[in-house]
Amino acid sequence: MEELLLKIKEQVIDVLNLEDVEPADIDTDAPLFGDGLGLDSIDALELIVLLEKQYGIKIEDPKDGKKIFQTIRTIAEFIEEKKK
Amino acid sequence: MSKRVFVTGIGIISGIGNNVEETLESIKQKKSGVTDIKYLETIHKGQLPVSEVKLSEDELIEMAKLDKSEPFTRSTLIGIIAAAEAVKSAQINDIKEYKTGLISGTTVGGMDKSELFYHDLVNTTKHIEYIETHDCGDSTERIADYVGVKDFVSTTSTACSSAANSMILGTRMIKNGLLDRVIAGGIESLTRYHMNGFNTLMILDKEPCKPFDDNRKGLNLGEGAAFLVLESEELVKKSGKKVLAELTGYGNSCEAFHQTASTPEGKGAYAAMKEALDRSGLKATDIDYVNAHGTGTDNNDLSEGRAIQTLFGNNIPKVSSTKGYTGHTTSAAGGVEAVLSVLAIQNNMIFPNLNFETQMKELSFSPETELLEGVKVDHVLSNSFGFGGNNSALIFSRY
Amino acid sequence: MDVYIKGIGIISPQNTTDSSKFLDEVVAHDTEFLSCVQPNYKEFINPIQLRRMSKLIKMGISASKLCLRDAGIENPGAIITGTGLGLVGDTEKFLNQVLDNNEEFLAPTAFIQSTHNTISGQVAIALKCFNYNNTYSHRGFSFESALLDGMLLIKDKDAENVLVGGFDEITPEHHSIIKKTHWVKNDAIKSLELLDHKTSGSVVGEGVAFFSLTGEKDDNNYARIKDLKTIYKPESNEEIEAKIDEFLAKNNLKKEDIDLVILGLNGNVDTDDVYYHLADNYFDTNYAYFKHLSGDYHTVGTFALWFAANTIKHQNVPEVARFRKENFTEKPIKNVLVYNHFREVDHSIFLLTQ
């Protein structure tokens, strides 16, 4: 799980172009949207593409993203869940 | 300023017809232009329905009697056909007789050919005649040359409100005496570029779109071109020609909220409609019909619906979106819907909002679902909202 | 149609972000195309917003802020932009994704930012400006249309002040494409020697500029824009002369009243004729040129307007920009006329006065 969490952090930093942010700076359980990293709906769409491209997981309804992309941990759990 | 601006000609081509007559016929028969993709080469064929102009480029070239060896983009071809029809409908014989401008709106420009030949343009010297058809101005200048306009040409590019903004500039130039008449509208052909772009935003419905429906899933893209001929009061008096409608109000406002979304309460939509109403000198209760932007996306229909409620309160006029017929023709939409608004006035008709089934929870009104004939349509409000926050509204009135 | 330039923010291939200076130090370019001197964007844009922005958006937001700061205005009555090719970098990025990935796995950001109204929309978001907002994209009339729109808003009292801008960028990929046309010189040349290379084509540049326009007269304004005119596809130099005659007469001026004519000479032997004609046979005054400083692009009228306004403000034509230097005479600069054309199709005239 730790390995996956780190990988996701790196990928999020890359696709969202979070300059000057290191994986260690991102709290695994902090909200990504709103107050946390300050991400918005366009970032959510970018994350949907990330899941499809890197993990082969297709999200059909963008509304589902809200739940999945709460924190880095919820993303990791979602990926683990899908792997099963 | 006391000067008035009149609509004396209309021209249109879209998925529901190649001219005004065919368009009206399709509307009356509730015949939608939204079908499986036929002309655009894309992996989304059979997956995403669109409203294409039902002619190949060869057929369009033939129709406009153009030279096949010239580099025409699809958007230029449909633009030429619609603009020529508008000029003819305004009974203009000598276009150079009066100071005439052409203002078109487009955002995709000549992308339909650029995307087809892009690798060649980068890597080879093939198809280089299409390097200069890429930009938005190319189509406007070719249309202007075709109909013979020389005094002023320009192109607006504000995504889905482009055509409405063309008409706004045209109106203001006539009112200021800079031009006597303006051919104004917009064009857009389907491209893989913007179809895939909209698809990444996850706002394309895989079924025919359902504007203002609680279960709406997004929009269907469409292509088309539509132009109005706008003329000054002096010119109309001089010629005594038939006036189709008067452009009585316009409004332009920016949402300044988010790159792709409007505020849930429809602040920008309200501001544009309110400005148009104030300029027209009409009261909200004078509006008989709102031809809504109504794309079928979650965000638009909610914010536009709320803005309509805020503006009209308890006296909401008939409202419908005609996107179910034409798809969302993006930059051309303001032109397509301006032509439909003029047709509504001329024919005393209100058009149905196709595919509506379920009332939206957040709204107190539902769109008109039947074709209403023989009804009073003296003033029509037409909305066009573009992503990026460019909201515009126009009011057309009976003369 | 009098409006005044109250403030300017411009990012160009020259050092132009400090509004107190006027080409004090000239940047000479010897590359294939002229790129902008980039400011430090962190000064204008917060990091969260900055991360998604492409170069041109950063330049756009920064230039708009420089302009409003220069004008001392917080929120303009309208935002209007013009661009010939829009956000070329973002367009290339998304188009290449579509083609290379066969329409799969596409990310939205480049697409969203590739529409021509991105900059006017982003500036509006940054300023929370809900007022009139528009974007024009029409070759050599892109910025000119935006300027006309802004001037009309002031004249009609729809706005007290407006923010009008123009932007275009050049990327290596796009340059590799347009090099295949006869509009672009094929070799890298020394930009300051642009007019000495008697060959076809010009050197491409880029730039972003915003102007704060107002209807209010003030001693601190740069200059007054008295009028502007666009001429589409003139057929001959005679037609152009007739149009200038008409334009000057409308503004109660004679050609002898023009103290400085700024010409859009771009070193293209195929299309510079009209400028030489105007200098040799029509006007008899001082001349300047500027495309050896900016390169040529669709909205280069922004650079010309900045240059013209500064000649009036500083009462000086920098040595490097004087054309026909040998005949240059020192005199007060009251009336300035800019003549520029885009590929002999879209011609435009600006008239500025003190």
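Author: Begin with the terms for elements: helices (H or I, at least four residues) and strands (E, at least two) are DSSP runs, numbered from the N terminus. In chain B, the helix α10(B) is followed by G313(B), whose phi is positive, near 60 degrees. This is a predicted model, in which local features need pLDDT of at least 70, side-chain atom pairs count only at pLDDT 80 or more, and totals for chains, interfaces and linings use all residues. Residues are numbered from 1 along each chain as its sequence is written, while chains are lettered from A and ligands numbered from 1 in the order in which they are written.

Reader: Which residues of α10(B) are buried?

Author: A residue is buried if 20 or more other C-beta atoms lie within 10 Å of its own, exposed if 12 or fewer, and partly exposed in between, with C-beta atoms placed from the backbone. The buried residues of α10(B) include L302(B), A307(B), I308(B) and L311(B). Among the elements that cover the buried residues of α10(B) are α9 (267-280) and β13 (379-386) of chain B.

Reader: How is chain B divided into domains?

Author: Domain bounds come from an automatic or database domain assignment. Chain B has domain 1 (5-239) and domain 2 (251-397), and 21 Å separate their centres, taken over C-alpha atoms. Two residues are in contact if their C-beta atoms, placed from the backbone, lie within 7 Å. By that rule, 59 residues of domain 1 of chain B are in contact with 52 residues of domain 2 of chain B. On the domain 1 side, α6(B) gives the most, with six residues.

Reader: How many residues does the contact take from chain B and from chain C?

Author: The contact takes 48 residues from chain B and 46 residues from chain C. To sort them by class, Ala, Val, Leu, Ile, Met, Phe, Trp, Tyr, Cys and Pro count as nonpolar, Asp, Glu, Lys and Arg as charged, and the others, Gly among them, as polar. The side of chain B that touches chain C has 17 nonpolar, 25 polar and six charged residues.

Reader: How do I describe chain C as a whole?

Author: Its secondary structure comes to 11 helices and 11 strands. The C-alpha atoms of chain C fill a box of roughly 60 × 45 × 40 Å, taken along the principal axes. Of the 354 residues of chain C, 59% count as buried. Among contacts in chain C between residues at least 6 apart in sequence, 79% join residues at least 24 apart.

Reader: Is K255(C) buried or partly exposed?

Author: K255(C) counts as partly exposed because it has 17 C-beta neighbours inside 10 Å. K255(C) lies in the loop between α8 (237-250) and β7 (260-263) of chain C. Leaving aside neighbours within four places in sequence, K255(C) is in contact with L248(C), Y282(C) and F283(C).
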